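Here is a short walk through one chain, meant to be followed with your viewer open. Keep the selection panel handy, and we will go from one stop to the next.

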Amino acid sequence: MSAVKPAAAHPDEHHEPPRGITRWLYATNHKDIGTMYLVFGTLMLFVGGLLAELIRSELMTPAMRVLSPEAYNQVITVHGLVMVFAAVMPLTAGLANYLIPLMIGAPDMALPRLNNWGFWLLPPAAILLVLPWGLKLFGIGTGTIDTGWTMYAPLSTQSGPGADFAFVAVLLLGLSSTMASINILVTILNQRAPGMTLMQVPLFAWSWVITALLLIAVFPALMAGSIMQITDRHFGTHFFSAAGGGDPVLWEHIFWFFGHPEVYILLLPTAGVLPHVLSTFARKPVYGYEAQVYSFWAIGLMSIVVWAHHMFTSGMPAAANIYFMLSTMAISIPVAVLFFCWFGTLWRGSMTFETPMLFALGYIVLFGIGGLTGLVLSDAAADQQYHNTYFLVAHFHYALFGGPVMGLFAAIYYYLPKMTGRMFSERLGRWHFWLTIIAFNVVFMPQFLLGIAGMPRRIPDYALQFAPLNMVSSLGAFVLGATQLLFLYNVLQTVFGRSGAKASDRVWEGAQGLEFTLPSPPPFHTFSTPPVIE
Amino acid sequence: MSGEKVQLWRRLAAAAAFVSPARAPARAFYNFQRPVTPIAHDVLFIHDLFLVIIAVLFTCGLGALLYSTIAHSRRRNPHPATFSQPVGRKQWLWVSVPFATLLIIDYVVLGIPALHSILALADTSNAQMTVKVTAHQWHWQYQYPVYGIGFSSNLSTPQAQIADRAPKDKHFLLEVDHPLVLPTHEKIRLILASTDVIHAFWVPSFGIKQDVVPGYLRETWVDIDKPGTYRGQCAELCGVGHAFMPIVVVAKSPADFRQWVSQEQSREAAVRATATETLTQAQLMARGQAVYLKNCAACHQANGMGLTGAFPPIATGHPFNASPQMLAALKSLGFYANGLIAEGPVAKHIRIVLHGIPGTPMPSWSSLSAVDVAAVITFERNAFGNHTGEVIEPAQVVAAESAH
């Protein structure tokens, strides 16, 4: 690229980003990599959303109409894997890459080339998940993995070649996440502006400290498990095969040892963004900063020792069920501390309700429902009735859409003007919020009732008494899906349309933090000279 | 938990019922199914209690949030406060109240009834009868060791209804050919095993859901307090037939149950007697077609063409591709050559139906009677364009069974 001058010869002229595709392929700049994560995550959010619409189309009425049972199982599996690994995690990692150096006054991430590799492992992983569908069109294989995102053995051992693609994808995702986590951790620990103590680090960065530690602690377990699955499938090992002396429940333990902390890996980064947004629009300092930091730690540590509450019906002894129930209930305390601090931040503030604030408030309400129903599910006795029903499906969508996805919308609307230098359409943003929160409840509130009435999850066809509520849920899902196009339009219009008002440096009247001392959009290189922290 | 405490909880629950939708007089389509076992009663009680508690917590939270957004909007409160943490002992005490309340809710209000029912659920001792439940892809098999009877239970909803070509029955997808029959007012221990993947035995009215894990014997128990028909489903994803393996339990009074047992014993004896009969090809074909459609068509399809990549066709001469493991097994048994499905030897055919093909989804069908096995093999070898003309008699199957 001719535009790039050799940095060594003209060190002080190296201010502009390189042009063309190599800017992105060779990217080491945290804003470029952050942007790529955000674009990739948004794209995959729509891929996962499209799969969700397929699921709801099939479930709209009893009888098999849209998908075959084989295809249905594949669609629900890839919906889960894509949303968790390819949509929400990259979006939170994108925010981390873009924002953390700006928030702590660092010139870039600590390990820029590792950062590049961490991102570029993601697209191949996503392709591996959907490629088997493409191969099937040419008569190769049976489509993609069809076991549900939990990939329980020995169903996974029976599954077609799509399962191999998925396990390799998990390995790539694990490498990517682990590298990104190490990078974020090193950046926060070593690259802070001189004078910024750990207890002055903004809460979003703190939430990522815990997220990164969790990822480093638990993802290797899933990667090891995936390798065991692959060797079971191809090299005659019997880790999970009872016929060979192995144990199918072992996989459940490995998976949930990863899978439960994963819930908090998805949740914590947006729980970290929330106080920034609430404090800005309440024009009031964050309430209980230290309490929130300690809650993040408590949630992170506890999340590692409660995994088997996903396995209350697997046949564990009563003592194990009791332990996992009591330890799970304990997590309600630090989570309640977070809620209390969010309320404390709002209380006696001077609130206005711009789009980011609306989504932040929506987060509190929806995630509140997810949290409270989680308390219900922690009961090992009652869980006999809720487990693997639509009650569970509704619960984790309230927790994961209501939490992380609403939080991501809040964060994107909050920081978009900072990133692009333009304001988005507030009108469209409000439409997006109100349609989303109404449609979301229309989709998932009926699912609580369906679960209570006895509808199991992961079935492509169901008994007649479940028909009316499924119809409501599906209609809601179509509105919810279509609503997200407003978001896409609004973001694209802000980035490319150049019609929005120019954003000031502070963007929002009450915004605090180093990132709002920079111009909007920030130049390619920022904080080459560290800011002064009083 | 003492009896008095239980009484106290029941009274609390009765009070809760006043506001709880879960105790509406008619059990509506959005509600728990009618509980008929001690565990199910416990769980419904816990559920009602939960609903009330989380509804109160949610209302308080949402109320505070809404109040704040109205009272502390910029219009009404232009000058924001600046506090960022509790100040002074009084505020700290006040702040700790919600957390103390939550601890009590967790470990006392909800924890104690939960502990009570977890321990009750785990206690399978002193059962009056044991029934063995075996999960297969994709049907259930029930055996009553003390009575020497047992049978498979298959979905009886016709394929046409599932494909939406016929109007649906009232119990669409929740009806079987041969329900599990249990006596009321007896503690029955269920022993659960799986022959392939993880399934889960779930009947909502019984309040139990137990994963059925290959390689393990799991156990649970029921004590049904009302005669009636109770319907449930497999609750762990077990492959393409997961939605199509319902559980139907008919609970009868002990007297009716004993009567059913003797009827079932004589029915099964009659079936065993047919193993010595010699049937004509036409008889075998007719019976075989029925057995095929009921048991085999879910995978091998009603037209005998199987599913590419998963289930081999029964019709010979058709190409088939699947996992190397399955192809190798089919080849060694003589049913696959040069990429095409072949007609293997009769002895191997009988062996496959009786014992399944290890390492593939093909299960053992030893629960079928010798007549049914003979009939279905005769049918398979003379239908779908196969014309071996061979007739397999029940005696051949009995001989193969005893030779094994």
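## Stop one: an open sheet

Start by selecting the five strands of chain B that form an open sheet, in the order β4-β10-β9-β6-β7, with mixed pairing. Bear in mind as you look around that this is a predicted model. At the edges of the sheet you will find β4 (180–183) and β7 (208–212) of chain B, each of which pairs on one side only. Turn the view to follow the twist, which averages 25° from one strand to the next.

## Stop two: a pair inside the sheet

Now pick residues 199–203 of chain B, strand β6, together with residues 228–234 of chain B, strand β9. These strands run antiparallel, and two bridges join them. Which residue in β9(B) is the bridge partner of Phe201(B)? Select Cys234(B) and you have the partner.

## Stop three: a helix on the sheet

## Stop four: the whole chain

Finally, zoom out to chain B, with its 10 helices and 12 strands. Its C-alpha atoms fill a box of roughly 95 × 55 × 40 Å along the principal axes. The radius of gyration of chain B is 29 Å, whereas a compact globule of 404 residues would have one near 22 Å. Colour by burial, and buried residues make up 39% of the 404 in chain B. Among contacts in chain B with a separation of 6 or more, 64% come from residues 24 or more positions apart.

Technical notes:
Residues are numbered from 1 along each chain as its sequence is written. Chains are lettered from A and ligands numbered from 1 in the order in which they are written. This is a predicted model: local features need pLDDT of at least 70, side-chain atom pairs count only at pLDDT 80 or more; totals for chains, interfaces and linings use all residues. Helices (H or I, at least four residues) and strands (E, at least two) are DSSP runs, numbered from the N terminus. The radius of gyration is taken over C-alpha atoms; the globule rule is 2.2 Å times the number of residues to the power 0.38. A residue is buried if 20 or more other C-beta atoms lie within 10 Å of its own, exposed if 12 or fewer, and partly exposed in between; C-beta atoms are placed from the backbone. Two residues are in contact if their C-beta atoms, placed from the backbone, lie within 7 Å. Two strands pair if DSSP finds at least two bridges between them. Axes are lines fitted to C-alpha atoms, for helices over the stretch in contact, and angles run from 0 to 180 degrees between N-to-C directions.
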